[in-house]
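Okay, thanks for coming, everyone.

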Amino acid sequence: MWRKWSLLLVLLVCALLGVATISPFSASARDYGFDGVEIAAEILPDGSLHVRETRTFVFDGLFSTVWWQIPDLYSGSVLVANGAEVDYSPVEEINFDPKWRATGGPDGSYFSFDKERNTIYVFFPHRNGSVPVTIDYTVENAVQKYEDVAELYWKFVGPDWQVDSRNVELTVSFPGAADGPVPEGDFRVWAHGPLDGFVRLNSQARTVSASVSRVVSGEFAEVRVVFPTQWVSEIEPGGANSHAFSVLDSILKQEQEAADQANRQRFLMKAALVGPLVFSVFVFLVSGFIWLSGALRRPVFSDKYWRDSPAAGLDGEFGVPPDLHPAAVGFNYERGKFKESIFNACILRLINLGWVSLTPVSGGSNFKKDWVLRSNVEAVSESLHPIDRQVSRIIFYQVADGSPTVKISEFGKFAKKYPALLSMELRVLEKLIKKEAEWAGLTSERLSATPRFILVANLCSAAISIIFMIWVFLDTTRFFSFLAPRSYFDFLLAAAPALAIVVSALASYFSSSFETRSDAGLELHARSKSLRRWLLDFTRLDERPPTDVRVWGTYVTYAVLFGVSKTFVSNLEKLDSDVLQDPRVLSSAQFIGYRSAGAASFTSSPSALLSRSFKRVSFSGFSSRSSGSGSGGGFSSGGGGGFGGGGGGAR
């Protein structure tokens with residue numbers, strides 16, 4: 001069972017990874033993206049922000065226009081376009097025509113400034129490949145000056161870009177910064193946006209830098225910098241960006257709340273990542289303990305050989321009835337799995353009891369090509385054991401369509417024509433055999449439920465892990481945005497879902513081999529193994545063989561159950577070939593392929609024909625077991641109060 005589910009999980013992962021490699025990156029006739037964004041900003045002494053931004057566009061198709069939109073300026077702030085470059089070569093400015101907002105543009109390479117909408121356009125024809133485009137602009141009165149500190153609150157990547165901004169690098173410098181030590185606590189920085197972003201503060205160099213691997217379209221990245229008011233000494237008191245009150249305490253409180261929220265998100269994400277792995281390890285350890293406990297259980301019976309029915313003598317202390325149906329013995333021997341050998345043994349039991357006869361059918365001179373099963377009793381007789389009655393029903397009511405005779409070759413035709421019906425009938429037979437085993441006290445409900453519980457637990461853990469793995473493959477950046485930035489430990493966390501799946505598979509393996517049999521089942525299994533050993537070795541033992549011919553027919557049934565029928569019959573032929581000629585044994589021996597000297601050749605034995613017939617109905621499918629201080633660090637969530645932002649696009 002665990003192998004089937006493991007294969008299903010592998011196929012599911014492969015299919016989802018296939019979708020991941022196709023759907024998000026499907027090629028279109030015309031598309032573009034960014035290979036990198038470099039922003040160098042200066043805070044000038046008069047409170048202006050001078051920005052030089054280079055975006056490397058990657059075009060697929062023909063494009064002629066790109067633009068930057070910078071809305072949401074502070075009251076009193078003014079945007080001034082200074083210039084533009086294409087592939088690091090300056091382009092001339094041209095007066096803006098409002099119709100260019102929707103379509104068209106001048107011939108050649110130019111830049112133009114739409115003052116009404118604070119949008120900078122760069123025009124240049126380009127087909128396919130990458131090209132860096134640079135704009136240079138100044139935002140006057142961008143810095144707000146307070147009694148205690150000055151503040152820059154700026155979206156350096158806005159939410160309105162049409163595509164994701166990748167590999168974003170920002171540097172903010174202060175040309176007007178005074179030399180000497182910076183007063184403690186007066187120079188701080190925070191950043192908001194993707195949680196994989198990282199912001200650094202260099203007090204000695206008077207710089208702030210930030211990096212983000214990806215800003216998804218519709219999201220933003222911003223910095224909030226507070227610094228000494230002396231660095232913007234040219235801001236006049238009473239101006240639009242000069243304020244006669246203090247704000248640092250309020251800013252610290254806001255940013256601490258944002259940092260706490262972001263750190264909670266990171267923690268929850270890590271817990272979600274590691275959770276399935278921890279759970280899988282726990283289930284693995286529990287599985288190992290249960291497996292070891294079952295492996296250490298030992299039956300009372302320890303003899304090497306047993307030559308009687310496995311259930312004989314177990315009706316006293318263990319309560320196993322001596323007339324236990326051989327199918328239940330085989331079911332117990334196979335650890336609760338319904339196999340083809342059990343079905344064949346059921347037919348052999350009918351033959352041994354005389355309820356069904358087996359005869360070859362001649363297909364020509366001295367050549368037998370088929371076999372016939374004939375019912376000697378009413379197939380649905382209430383006197384039959386329920387298991388025998390169901391086997392008879394399958395043979396004579398379904399395959400033979402009510403006839404008392406049926407050729408073995410008809411089983412293959414029936415399985416081909418009615419596989420679903422045959423599957424249903426075999427499932428009914430399996431349930432009857434399982435019921436017989438439970439009635440005999442061979443199984444433990446508590447132990448039988450354990451492998452299923454372990455399997456379900458592991459499937460849940462593996463499913464959650466697969467979801468995270470798909471997330472990683474579909475959106476690696478978004479995945480890492482929930483982790484603490486630039487940490488080797490966090491990168492190792494990415495392997496946690498895969499490790500959880502591996503551990504879950506191992507735990508499932510343990511659960512597939514749990515000992516779910518009761519003490520009675522263990523004793524029966526021990527005697528079954530000893531009987532199997534005797535069936536293989538009885539010719540080498542210094543003991544008198546059974547004299548009752550009918551016992552040998554029963555032995556053939558158990559030899560089929562235990563998978564040693566060919567060897568057993570061969571040994572019996574060497575010991576006493578006359579036994580095999582007895583009609584009470586011959587049919588059973590012929591069923592598994594015995595051919596006496598001088599007998600006609602057969603195309604195949606009945607058991608082999610049945611095996612080929614039932615390949616269309618797999619017996620394996622019937623198994624019943626189944627930083628808030630401002631000193632730098634990771635980006636925070638929240639925010640959104642910075643000026644600027646906006647976005648841009650290309651056409």
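**A walk through the model**

Let's start at Leu 535, which, leaving aside residues up to four places away in sequence, touches Tyr 555, Tyr 558, Ala 559, Phe 562, Val 564, Phe 568 and Asn 571. Keep in mind that this is a predicted model. Leu 535 sits in helix H12, residues 519–537. How buried is Leu 535, in terms of relative accessible area? The value is 0%, and since the cut-off for buried is under 20%, Leu 535 counts as buried. There's also Val 556: 21 residues away from Leu 535 in sequence, with 9.1 Å between the two C-alpha atoms.

Staying on H12, Asp 519 is in that helix too. Here the contacts are Arg 297 and Phe 318, again not counting residues up to four places away in sequence. Gly 441 is 78 residues from Asp 519 along the chain, and their C-alpha atoms are 8.6 Å apart.

The buried ones are Val 585, Leu 586, Ser 587, Ser 588, Ala 589, Gln 590 and Phe 591. Just past the end of H16, Gly 593 has a positive phi, about 115 degrees.

Over to the largest cavity, with a volume of about 110 Å³. Its lining has 16 residues, and Glu 53, Ile 70, Tyr 137, Phe 156 and Gly 645 lie nearest the centre. Strands E2 (49–69) and E8 (150–157) each contribute at least two lining residues.

How many aromatic pairs does the count come to? It comes to 35. Take Tyr 32 and Phe 34: the ring centres are 5.9 Å apart and the planes sit at 85 degrees, so that pair is edge-to-face. Tyr 32 and Phe 34 are both buried. Trp 68 and Trp 161 make another edge-to-face pair, 5.9 Å centre to centre with 90 degrees between the planes. That pair links distant parts of the chain, as Trp 68 is in E2 and Trp 161 is in the loop between E8 and strand E9 (165–173), 93 residues apart. Trp 68 is buried, and Trp 161 is as well. One aromatic cluster takes in Tyr 32, Phe 34, Phe 57, Phe 59, Phe 63, Trp 68, Phe 124 and Trp 161.

Last stop, a bit of strand pairing. E3 (residues 78–86) and E4 (residues 89–93) run antiparallel, joined by three bridges, and Glu 85 faces Pro 90 in E4. Their hairpin has two residues between the strands, and Asp 87 there has a positive phi near 55 degrees. On to E5 (residues 110–114): E4 pairs with E5 in the parallel sense over two bridges, with Glu 92 opposite Tyr 110.

That's my tour, so let's open it up for discussion.

Methods: Residues are numbered from 1 along each chain as its sequence is written. This is a predicted model: local features need pLDDT of at least 70, side-chain atom pairs count only at pLDDT 80 or more; totals for chains, interfaces and linings use all residues. Side-chain values use heavy atoms; hydrogens and water are left out. On a 1 Å grid over the protein atoms alone, a cavity is a set of points where a 1.4 Å probe fits but cannot get out, and a pocket is an open set with protein on both sides within 12 Å along at least five of seven lines; lining residues have an atom within 4 Å of a point. Grid points are joined across faces, edges and corners, and a volume is the space filled by probe spheres set on the points. Helices (H or I, at least four residues) and strands (E, at least two) are DSSP runs, numbered from the N terminus. Buried means under 20% relative accessible area, exposed over 50%, partly exposed in between (1.4 Å probe, protein chains only). Contact means heavy atoms within 4.5 Å. Two strands pair if DSSP finds at least two bridges between them. Rings of Phe, Tyr and Trp (its six-membered ring) pair if their centres lie within 6.5 Å; planes under 30 degrees apart count as stacked, over 60 as edge-to-face and the rest as tilted.
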